[in-house]
Amino acid sequence: MPINKERILSRQPDHCSPLEYSQQALKWIMSDTLSQEDVAALNQETLDAFREYVNPGFLEYRKSVTSGGSYGAVEWRANSPNTLLDTQGNEYLDCLGGYGIFSVGHRNPSVLAAVEKQLSKQPLHSQELLDPLRAMLAKTLAAITPGKLKYSFFGNSGTESVEAALKLAKAYQSPRGKFSFIATNGAFHGKSMGSLSATAKPAFRKPFMPLLPGFHHVPFGDIAAMWEQVKQCHESGEGIAAVILEPIQGEGGVIVPPEQYLPAVRALCDEIGALLILDEVQTGMGRTGKMFACEHYGVEPDILCLAKALGGGVMPIGATVATEEVFSVLFENPFLHTTTFGGNPLACAAALATVNVLLSEKLPDRAAQNGAFLLNGLKKRVAGYSELVVEARGLGLLQSIEFRQNEIGYDFASELFRQGILVAGTLNNSKTVRIEPPLTITREQCGQVLATVEQVLAGLRNKWGKGAKSKSVSASADNAMAL
């Protein structure tokens with residue numbers, strides 16, 4: 001029986017039609033301020049619509065929603081490059097950064113101006129005439145990416161950039177009889193069928209099994225384990241098409257590998273004739289203190305995946321950048337892999353402006369300097385709480401604090417939220433809390449974070465006490481059995 005949308009929308013409290021409902025939504029969109037009545041109505045409508053039409057699970061998941069979902073902090077606007085306001089007027093220092101998209105800050109004026117100007121001319125491309133901004137962005141990325149990376153394919157997300165990378169690798173290696181991939185435990189590369197096959201978390205994978213064949217996972221940071229997997233594949237007649245890695249695992253818990261790991265992986269790929277795909281969706285665009293994390297290790301990939309911060313926190317865009325040798329498999333038939341909205345003028349305008357801001361304001365350098373200040377401060381503050389905290393770690397402004405239990409990490413993030421600082425657990429667990437502010441965060445704001453962390457840790461000690469460390473041992477055992 002077909003769904004009657006009129007009937008569904010009539011369930012709204014005011015029984016409005018779709019036309020009336022869209023008019024109300026546009027009224028809120030066009031409003032710069034909200035009355036008390038507007039705030040109450042918008043908050044309630046957001047909660048109800050999430051529960052009934054988006055996914056009620058989000059209300060249980062988010063620490064910005066009270067237990068039972070009776071109240072939720074509803075996002076209203078950016079208040080500065082590094083802060084957000086909710087509809088109640090509460091300000092939050094953003095140390096989550098939209099999981100890494102706000103590298104140049106919220107509503108960066110240069111990025112906004114470029115997008116608004118392009119919007120007034122031609123928002124989307126015709127698909128037939130040559131679009132100049134796509135060409136200029138591709139040339140710009142060829143100039144700033146390492147090594148022989150040259151040609152770019154543009155999509156709309158990190159997942160799409162990984163999908164394109166996997167297909168490029170397959171197209172290049174299939175004539176050579178190589179079809180398999182090596183990824184790592186703890187990896188996150190996306191949730192579409194191809195990228196999910198490279199992603200490692202069982203909870204994300206199990207409902208969709210079987211995934212694409214030919215993906216093998218080994219421990220991250222362990223080059224000996226990777227060589228052993230290569231040996232096993234060769235013994236069974238499997239050729240390795242590519243190794244896909246995050247230079248620093250983001251969702252896996254901000255795991256920084258040993259210094260010689262990436263160079264050793266590059267050497268392995270060279271020896272066996274495999275391509276090296278580096279997923280810098282989260283680590284790229286200045287996040288770690290260099291424009292790309294692989295530059296810390298002097299490693300040049302064959303294929304590089306970008307997204308998140310590439311759009312300057314204004315437009316979604318992903319890019320898959322490859323060497324000419326690899327990308328040339330698409331020269332004869334460029335329609336082997338395409339997308340309607342990828343590389344659209346608005347997204348390319350945002351990306352070009354973002355690169356300009358990163359370079360002109362030296363934001364990778366600022367990430368290195370403020371990141372070192374923040375991480376050193378975090379390490380000093382967690383040192384006295386070994387019963388609660390395993391360690392603080394990271395590089396640049398991609399950092400995390402690993403707690404001994406999921407519940408402690410969740411309490412930590414929740415208390416920071418109540419004190420006006422946004423952080424979040426990784427998608428792997430709440431035990432590791434990620435700190436990923438805009439690269440525009442000030443030294444003073446870093447100090448605010450450190451002072452609040454110290455205060456919250458003291459409060460957690462009173463709640464969890466000395467027993468947290470021993471409890472974590474049994475919890476870890478339970479988690480291991482569950483996996």
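A contact here means heavy atoms within 4.5 Å. With that in hand, let's walk through this predicted model, starting with a glutamine.

## A glutamine and its neighbours

Gln118 sits in helix 6, which covers residues 109-121. Setting aside residues up to four places away in sequence, Gln118 touches Pro123, Leu133, Pro345, Leu346 and Ala349. Is Gln118 buried or exposed? Its relative accessibility is 12%, so Gln118 counts as buried, given that the cut-off for buried is under 20%.

## The chain as a whole

Stepping back, the protein chain contains 18 helices and 15 strands. Of its 483 residues, 51% are buried. If you take the contacts between residues at least 6 apart in sequence, 72% of them join residues at least 24 apart.

What does the chain show to the outside?

The mean pLDDT of the protein chain is 90, and 90% of the residues reach 70 or more. Two stretches deserve a careful eye when you look at the model. Over residues 1-13, pLDDT stays under 50, and the model has 12 contacts beyond four places in sequence for this stretch.

## A nonpolar patch on the surface

Which residues form a nonpolar patch on the surface? They are Leu26, Ile29 and Met30, and together they have about 360 Å² of accessible area. Met30 belongs to helix 2, which runs over residues 18-30. At 66% relative accessibility, Met30 counts as exposed, because the cut-off for exposed is over 50%.

## Backbone details worth a look

Most residues other than glycine have a negative phi, and most peptide bonds are trans.

A cis peptide bond joins Met209 and Pro210, with omega at about -5 degrees. Pro210 is found in the loop between helix 10 (202-205) and strand 6 (215-218).

Two residues other than glycine have a positive phi. In Tyr99, phi is near 60 degrees; in Lys362, phi is near 50 degrees. Tyr99 is part of helix 5, residues 97-100, and its relative accessibility of 24% makes it partly exposed. Lys362 lies in the loop between helix 14 (345-360) and helix 15 (363-382). With 52% relative accessibility, Lys362 counts as exposed.

## Cysteines

How many disulfides does a search of the whole structure find? The answer is zero. As for individual cysteines, Cys305 is buried, because its relative accessible area is 0%. Cys348 likewise counts as buried, with a relative accessibility of 0%.

How values were computed:
Residues are numbered from 1 along each chain as its sequence is written. This is a predicted model: local features need pLDDT of at least 70, side-chain atom pairs count only at pLDDT 80 or more; totals for chains, interfaces and linings use all residues. Side-chain values use heavy atoms; hydrogens and water are left out. Helices (H or I, at least four residues) and strands (E, at least two) are DSSP runs, numbered from the N terminus. Buried means under 20% relative accessible area, exposed over 50%, partly exposed in between (1.4 Å probe, protein chains only). pLDDT is the predictor's confidence in each residue, from 0 to 100. Patches are made of residues with over 30% relative accessible area and no salt bridge: like charges are joined within 9 Å, nonpolar side chains (Val, Leu, Ile, Met, Phe, Trp, Tyr) within 5 Å. Accessible areas come from the Shrake-Rupley method with a 1.4 Å probe; for residues, only the protein chains shown count as cover. A salt bridge is a side-chain nitrogen of Lys or Arg within 4 Å of a carboxyl oxygen of Asp or Glu. A disulfide is a pair of cysteine sulfur atoms within 2.5 Å.
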